[in-house]
Amino acid sequence: MKELLKKYENKDPEIVFNWKDPETYAEGWTVINSLRGGAAGGGTRMRNGLDMNEVLSLAKTMEIKFTVSGPAIGGAKSGINFDPKDSRKKGVLERWYAAVSPLLKSYYGTGGDLNVDETHEVIPITEESGVWHPQEGVFNGHFKPTEADKINRIGQLRHGVIKVIESPYYSPDISRKYTVADMITGFGVAEAVKQYYNIYGGSVKGKRAVIQGFGNVGAAAAFYLSQMGAKIVGIIDISGGLINEEGFTFEEITNLFLAKNGNTLVSDNLIPFDEANEKIWTIETEIFAPCAASRLITLHQIDQMIDSSLEVISCGANVPFADKEIFFGPIMEHTDYRVSLIPDFISNCGMARVFAYFMERKVQMTDEAIFNDTSNTIKKALEKVYNRNQLKTEISATAYEIALNQLI
C-alpha cells in the first residue's frame with residue numbers, strides 16, 4: 001500500500017489553474033489531479049493563508065473519494081487565499097468564477113467547501129457566469145449526455161441538493177427547512193459508525209462519543225449518533241466545549257444543533273476552549289468523530305483517547321491528523337494500527353455521493369431514497385474492506401489499497 005501511495009502522491013497533477021485578483025490580494029488555484037473518465041470534481045474553499053499545496057492535497061483526496069462515491073472521475077479542488085469575513089468576498093467569488101467558468105463548462109465540477117456556501121454562493125454566482133450548474137463540466141466531460149438529457153439531469157441535481165428535508169427523522173426541526181446539503185455529510189459520518197458496528201460486531205447504542213467541531217458536519221453527526229442511541233459525552237469547538245460523562249440526551253443534542261450560531265457551538269454551560277482541550281481527550285469514550293479543520297489531532301491526544309477505551313474513529317474532516325504527509329502520515333498510521341479508523345473518503349463521502357446520485361438518469365427524490373443511498377454506499381465500501389481484512393485495525397490502510405489499485 002505504501003508504495004502505491006508514494007507513487008500516487010508523487011504524480012504531478014494534470015492541470016493547475018492559477019488566478020490573481022486584479023482588485024484585492026486574493027489568489028486562487030484550481031488543481032485537477034487527473035481527467036480520469038473525462039472530467040474531475042471538487043469543491044471551492046476560501047481561507048487566509050491557503051496555498052497551492054493545500055489545494056493539490058485536497059484534489060488527490062477527492063480522486064480517492066470518487067472511488068467510493070462515484071462517478072469514476074478525477075479529483076480536483078479550488079482554493080482561494082482570502083479572508084472569508086472580508087466584505088469584498090462576494091466580488092472576489094464573482095471574479096473567480098468568471099475566470100474559471102470555461103473549465104466549469106467543459107470538464108470540471110465544483111461545489112461548496114470551507115467558508116464557501118453551495119446554495120447561496122456557488123450556484124447563483126456560477127449561473128451569473130453562464131454556467132448552467134457548478135457540476136456542468138462533469139456532465140459534459142464524463143457523461144456526454146444529449147442536450148435534453150443534460151437539461152433533465154441538471155434539473156434533478158439542482159433541485160435535489162437544495163431539497164428541503166421533510167422527514168422529522170432526518171431533520172432536527174422540519175419548520176427550519178434544513179436541506180439535504182446541510183445534513184448529508186454529518187449523516188454519513190454517523191452512518192459509518194453504525195455500519196462499522198453492524199459489520200465488525202457490536203452496536204452503536206449505548207456507546208459514548210466525542211465530537212470535535214460543531215459546524216454543519218459535527219453538529220449533524222452528533223444529532224444522528226444521538227438519534228441512534230449513542231451517548232454524546234463531549235463536544236469541543238473553537239468557541240469552547242461541553243462535557244457530560246453521563247451523556248447528553250437526544251433532546252439536549254437537538255437543542256444544541258438548533259442553537260448553534262452558524263458553525264459555532266452556543267451554550268450557557270460552555271467551558272473555555274483551553275479547559276475543554278485539557279479534559280476532553282481523557283474522557284472514557286468508544287467513538288470519536290473529528291469534524292473540525294484538517295491536521296489538528298496530535299499523537300498525544302489520540303493516545304490519550306485510545307487509553308480511555310476508544311474503539312472507532314469516523315472522520316468528518318479531511319486528513320484530521322497533524323501529519324505533514326498528504327494522506328497517510330505517521331500519526332494516522334499509528335492510529336490505524338491501534339484502533340478502527342474509518343478514513344475520511346468513506347465516512348465523509350455523503351455530499352460527493354449525493355452529487356453522483358442526482359447525476360444518474362432518473363432517481364427518487366424522497367428523503368429516504370437520498371439518505372439510504374449514502375448509507376448503502378458507505379456500507380458497501382466498509383464491506384469491501386472487511387472482505388479483505390477482518391481485523392478491527394488497519395481499516396484505513398486496507399481502504400487506501402483498494403482505492404489506489406483503481407487509480408494506478
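Me: Which hand does the crossing of α6 and α14 have?
Reply: In this predicted model, α6 and α14 cross in a right-handed sense, with their axes coming within 8 Å and crossing at roughly 145 degrees.

Me: Which residues meet there, in α6 and in α14?
Reply: On the α6 side they are R153, Q156, L157, G160 and V161, and these meet M351, V354, F355, F358 and M359 of α14. By class, the residues of this contact divide into seven nonpolar, two polar and one charged.

Me: Let's stay with R153. Is R153 buried or exposed?
Reply: R153, which lies in helix α6 (residues 147–161), has a relative accessible area of 6% and is therefore buried, the cut-off for that class being under 20%.

Me: And what is R153 in contact with, leaving aside its neighbours within four places in sequence?
Reply: The contacts of R153 on that count are F139, F143, F358, M359, E360 and R361. F358 and M359 belong to the α14 side of the packing with α6, while F139 and F143 are among the α5 residues that meet α6.

Me: Which residues meet in α5 and α6?
Reply: E136, F139, N140 and F143 from α5 meet K150, R153, I154 and L157 from α6. Sorted by class, that contact has four nonpolar residues, one polar residue and three charged residues.

Me: Other pair now: at what angle do α8 and α9 pack?
Reply: Helix α8 (residues 216–227) and helix α9 (residues 250–259) pack at an angle of about 165 degrees, and their axes are 9 Å apart. Since angles over 145 degrees count as roughly antiparallel, α8 and α9 are therefore described that way relative to each other. As for the hand, α8 passes α9 in a left-handed crossing.

Me: What makes the contact of α8 with α9?
Reply: From α8 the contact takes in A219, A220, A222, F223, S226 and Q227, and from α9 it takes in F250, I253, T254 and F257. The residues of this contact divide into seven nonpolar, three polar and no charged.

Me: Quick check on α7: how far apart are its end C-alpha atoms, and what should the helix span?
Reply: Helix α7 (residues 180–200) has 21 residues, which at 1.5 Å a residue should span 30 Å, and the end C-alpha atoms are 29 Å apart, which agrees. The helix is also mostly covered, with 18 of its 21 residues buried. Just after α7, G201 takes a positive phi of about 105 degrees.

Me: What about the peptide bond from G70 to P71?
Reply: That bond from G70 to P71 is cis, with omega near -15 degrees, and P71 is found in the loop between α2 (52–69) and β5 (74–81).

Me: Last one: what does I15 touch, not counting residues up to four places away in sequence?
Reply: I15, which lies in strand β1 (residues 15–20), touches T30, V31, I32, L35 and Y107 on that count. At 22% relative accessibility I15 counts as partly exposed.

Definitions and conventions:
Residues numbered from 1 in each chain as written. Predicted model: local features only at pLDDT ≥ 70, side-chain atom pairs only at ≥ 80, totals over all residues. Heavy atoms only, no water. Axes fitted to C-alpha atoms, helices over the stretch in contact; angles between N-to-C directions. Helix = DSSP H or I, 4+ residues; strand = E, 2+ residues; numbered from the N terminus. Parallel < 35°, antiparallel > 145°, perpendicular 65-115°, else oblique. Left-handed = near helix turned anticlockwise from the far one by under 90°. Contact = heavy atoms within 4.5 Å. Nonpolar A, V, L, I, M, F, W, Y, C, P; charged D, E, K, R; others polar. Expected span 1.5 Å × (residues − 1). Buried < 20%, exposed > 50% of the residue type's maximum accessible area, 1.4 Å probe, protein only.
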